[in-house]
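Reader: I've got a structure I'd like to look inside. Could you walk me through its cavities, its salt bridges and a bit of its surface?

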Amino acid sequence: MGHRVGFARPGWFWCGAFLCLAGTLGHLPMYGHLAHPPSHPASMAGNDSSPLMVISMTLILAGVAACAYGIVGPRRTTGDDRQGPLRVSFTDDVPLTRAHWALTVVMMLAVAIDVMKPMTLSFVVPGVAKEYGLRSALHPHGGLPVALLPLSGIGGTVIGSFLWGRFGDRIGRRPAILLASVVFLATSVCGAMPLFWMNILMCFLMGMSAGGMLPLTFTLLTETVPTRQRGWIVVLIGGVGTAGGYVLTSWAASLLVPHFGWRVLWLLGLPTSVVLLLLNRWIPESARFLAARGRRADAEAALARYGARLTSAPPTPANVPTASARDGYLKLLLAPYTRVGLPLVVLALGIGLVTYGFQLWIPTDLQRLGFTELTADTTLRDAALLGLPFNLAIAWLYGRWSSKGTLVLLGACTAAAMAALATVGDRIVAHPLPLHLLLAVPIWSAGSAVAVLGAYTAEVYPTAVRSQASGLTAAFTKVGGVLMIAVVVAAVAPPSLRTTALLGTVPLALATVAVILSGVDTRARSLEEISATPLKGNASATTSA
């Protein structure tokens, strides 16, 4: 299996991708019909488009199945079972190669596309509520709560983070990334769903695909980039990709929605997913994953372009448990991972309350406070752009100063900004400059915190469970959003600036203190050395106890 192409059955994969593309394009007539709706929403289904819609959906389902069959390769290579444990080692002076830079560009695009999926929810909610007559802050006397839509989408990302994290450790990082890209393509038809329950279903499936891309990206980058450059590159890709995804989504909303309606934002998944699939040759399989599976020949082929070599792994100390991808997610929070895992999960929860709770309702909140739809979208775009340059500083701090210190700094900055918004409340809209600045801080710092948390998690857990661990913290960033949206659905509290800001402040502050007390610094240390540190410490504590 070649390290660049890497399909077990290339014909099946590309045939499946073509079927998905054909099925997605087959939904465009339905989108055209819905973009210019008749007077009564109940008549939007359009009998002339229904048969084509059924055929197109059948093509998509068959295409996803074919891609899955075509992409999954062998778990071990014949004859490699007799090899001893292997380890990937980078030489101290290895430079970044063209292959590294190509990988970073493609992964930055993947992160931006991944972020655009759930962030689109915040910009379509006002239009969805208006079209279907749903209950929202702008339409308090509507029918069903419009919050059911983001609840399904963000709920899907929670399941997707767990699911794709497991896939990454079982079938490989590369196959899982490409399979998620195919599902990205398939779920872009969300913009052509005529009924609200169909939108809910497709949003859930979209969330499942989007939930896994971020942890898979951090895992692959962490395992491929040399030790000296690993920290700042992974954080830069995550931070710029996250902020870029938010900027692109808010820009597209301000530019396209006034002319084409809210549905056009979902269709953006079509071209972006196709581009990501066409760039697949620059997405390698992780040599560390291959080495852990005993696939020496494939690992050596993957390493040829990345300035690393295979060596025999030293024996594992008797008091350090051996990690296994079969252990399950609960094991990642129990001994020997407790000291490092629990603070990260709490921090992820707090970041999720900001990213998928607070940020999700900003467009609706701004419109409730008197902004027009266009002004609200451009305000958020400008706030995201203000914070974008700071991602460079965060990447430098993570790679050159302290990974633990950077994580603490971001947690503290985000908590402080949210506390300020909670204190000022709705009065902030009367002051445009402070509004932009206070919105820019949580948009920037929460996005950067997602990147730093993803990079840090991928570094502190061992190879065998690295993808699952990344999926765990990624899932809890979405759990925060699910909790916030569930509160809105239950009408316990309105999605006000003050309420959402206050709910995000408390877990962020608590987790920041926990990381100060129990976190480990990963800067300029090999992955094997980093992951062994908490294992040895917890194992020794368990033994002495």
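Author: Here are some questions and answers on this predicted model.

Reader: How many cavities of 30 Å³ or more does a search find, and what volume does the largest have?

Author: Let's take the whole structure. A search of it turns up seven cavities of 30 Å³ or more. For the largest cavity, the volume comes out at about 250 Å³.

Reader: Which element gives the largest share of the lining of the largest cavity?

Author: That lining has 24 residues, with Leu214, Thr242, Thr355, Tyr356 and Val450 lying nearest the centre. The elements giving two or more residues are α4, α7, α8, α13, α18 and α19. By class, the lining splits into 14 nonpolar, eight polar and two charged residues. The largest share, six residues, comes from α18.

Reader: And the second largest cavity: which element supplies the largest share of its lining?

Author: This one has a volume of about 100 Å³. Its lining includes Ile113, Lys117, Trp266 and Thr272. At least two residues each come from α4, α9 and α10. The largest share, four residues, belongs to α4.

Reader: Now the salt bridges. Glu131 and Arg263 meet in one, so are they buried or exposed?

Author: Their side chains come together at 2.7 Å, N to O, and the pair links helix α4 to the loop between α8 and α9, 132 residues apart. Buried means under 20% relative accessible area. Glu131 has 18% and Arg263 has 2%, so Glu131 and Arg263 are both buried.

Reader: Last one, on the surface: is Trp197 buried or exposed?

Author: Trp197 sits in helix α7. Along with Leu195, Leu201 and Leu205, Trp197 makes a nonpolar surface patch of about 370 Å². The cut-off for exposed is over 50% relative accessible area. Trp197 has 53% relative accessibility, so it counts as exposed.

Key
Residues numbered from 1 in each chain as written. Predicted model: local features only at pLDDT ≥ 70, side-chain atom pairs only at ≥ 80, totals over all residues. Heavy atoms only, no water. Patch = residues over 30% accessible without salt bridge, like charges linked within 9 Å, V, L, I, M, F, W, Y side chains within 5 Å. Areas by Shrake-Rupley, 256 points an atom, 1.4 Å probe, with all protein chains shown as cover. Salt bridge = Lys/Arg side-chain N within 4 Å of Asp/Glu carboxyl O. Buried < 20%, exposed > 50% of the residue type's maximum accessible area, 1.4 Å probe, protein only. 1 Å grid on protein atoms, 1.4 Å probe; cavity = no way out; pocket = protein on both sides within 12 Å on 5 of 7 lines; lining within 4 Å. Points joined across faces, edges and corners; volume = space filled by probe spheres on them. Nonpolar A, V, L, I, M, F, W, Y, C, P; charged D, E, K, R; others polar.
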